[in-house]
Amino acid sequence: MTDKKIMLTGFRPTGKLHLGHLHGNIVNMIKYQEQYENYFFLVDWHALSTEYQNPQNIKNNLIECVIDLVALGINPQITHLYRQSDIIEIPELTLYLSMITPLSWLERCPTYKEQIKELNSKDLSTLGFLSYPVLMAADILIVNADIVPVGEDQLPHLELTREIARRFNSLYGEYFKEPKELLSKATRVIGTDGRKMSKSYNNAIFLSDDYNTIKSKIRQMITDPERIHPTDPGHPEICNVFSFYKLYKDNNIKEIENRCKEGKIGCIKCKDEISEIIYESLKDFQLRRKEIVKNMDNIYKILENGKEHVRKIASKTIKEVREKIGID
Ligand code: TRP
Ligand code: SF4
């Protein structure tokens with residue numbers, strides 16, 4: 001056992017990874033990899049809460065995500081990489097937590113209302129979907145995580161996790177820590193249509209996109225609508241293309257801002273430049289990925305090791321939780 005703080009994050013394996021994932025929680029997981037004890041997992045049960053009618057892609061997507069993570073630099077030697085559904089202690093903890101979670105906490109959760117509206121083609125009036133945040137609380141509390149890198153949209157869930165932990169502690173005695181979020185610099189990466197980048201909105205730049213694909217996606221983006229000629233003074237602060245420059249060229253952002261404001265560059269040129277920068281930043285990843293898929297056994301082995309380690313911790317938590325409640 002180390003006395004390092006525990007950092008944990010997860011995401012839903014709903015498809016290929018895109019820049020929103022990368023700049024959301026993955027960059028932080030990589031940045032702090034050496035400093036903390038890390039848990040990184042793919043939440044296939046959470047995926048099932050919205051994909052229960054079409055679950056056939058979840059497993060494949062999950063494996064693709066693991067390959068992506070390893071190619072990005074998540075080091076399985078120091079980060080426990082695992083699959084949520086391998087940790088069968090999580091549903092037991094979810095059950096205990098669901099006993100003490102008032103329905104009203106879940107019903108008032110902003111993500112719940114929003115998703116029901118956004119994903120209106122799916123029937124989400126299920127118990128599983130309502131209790132999504134309880135399952136997430138169990139994910140986090142099962143390893144008693146200190147720090148949880150998430151995007152801004154997940155903050156209500158983290159708040160609920162803390163409320164549930166407090167409730168448990170006050171009912172059965174101090175046990176769970178209250179985890180803190182770690183927000184990345186880019187808490188909300190914008191997609192090519194100006195909304196949050198998401199596969200389901202069809203506005204994502206994928207980590208596997210080649211230069212021409214990135215270029216044509218960026219070319220479609222709306223810029224400052226007042227700019228007609230390349231020499232018109234622009235307003236980078238309202239331009240979505242500029243938001244990518246902030247992600248990739250933060251250290252000379254003034255220069256990029258000024259050349260737009262002073263009408264020294266046309267939008268097409270400005271767009272192609274950022275496409276190239278994005279593509280360059282992904283090139284190594286794409287090469288590493290090609291190497292990794294040549295030996296898929298390694299990927300399965302990584303998940304096996306993750307499962308073995310995390311289940312040890314999780315079963316200890318369950319034993320202690322049972323004792324705390326008094327049904328041991
Ligand atoms: N709800 C998160 C999302 O949709 C995924 C998630 C599930 C998660 N369990 C977690 C994130 C635990 C951090 C910690 O992105
Ligand atoms: Fe946006 Fe670049 Fe055009 Fe300015 S020049 S409006 S930053 S695309």
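The structure holds 25 salt bridges, a salt bridge being a side-chain nitrogen of Lys or Arg within 4 Å of a carboxyl oxygen of Asp or Glu. Side chains of opposite charge can pair when their charged atoms come close. Take Glu89 and Arg311, whose closest N and O atoms are 3.0 Å apart. Glu89 sits in helix H4 (residues 89-100) and Arg311 in helix H14 (residues 296-325), so this pair ties together parts that are 222 residues apart in sequence. Helices here are DSSP runs (H or I, at least four residues), numbered from the N terminus.

A word on the ground rules. This is a predicted model, in which local features need pLDDT of at least 70 and side-chain atom pairs count only at pLDDT 80 or more, while totals for chains, interfaces and linings use all residues. Residues are numbered from 1 along each chain as its sequence is written, chains are lettered from A and ligands numbered from 1 in the order in which they are written, and side-chain values use heavy atoms, with hydrogens and water left out.

The chain splits into domain 1 (6-190 + 296-325) and domain 2 (209-289), with bounds from an automatic or database domain assignment. Their C-alpha centres lie 33 Å apart. Where the two meet, eleven residues of domain 1 are in contact with twelve of domain 2, contact meaning heavy atoms within 4.5 Å. About 1100 Å² is buried between the domains, and carbon and sulfur atoms give 61% of that; buried area is the accessible area (1.4 Å probe) that two parts lose on being put together, summed over both. On the domain 1 side, Leu19, Ala71 and Ile190 supply 45% of the area buried against domain 2, more than any other three residues.

The rule finds two salt bridges across it, and Glu64 and Arg289 meet in a salt bridge with an N to O distance of 2.8 Å. Helix H1 (19-31) and helix H3 (58-72) are the elements that give two or more residues to the side of domain 1 that touches domain 2. H3 gives the most, with five residues.

Then there is ligand 1. Of the 14 residues around ligand 1, Gly10, His46, Tyr132, Asp139 and Gln154 come nearest, where near means a heavy atom within 4 Å. Polar side-chain atoms approach nitrogen atoms of the ligand: for Tyr132 the distance is 2.8 Å, for Asp139 it is 2.7 Å, and for Gln154 it is 2.9 Å.

Note on methods: A polar contact is a pair of N or O atoms within 3.5 Å; within protein, one must be able to donate a hydrogen and the other to accept it, and residues adjacent in sequence count only if both atoms are side-chain atoms.
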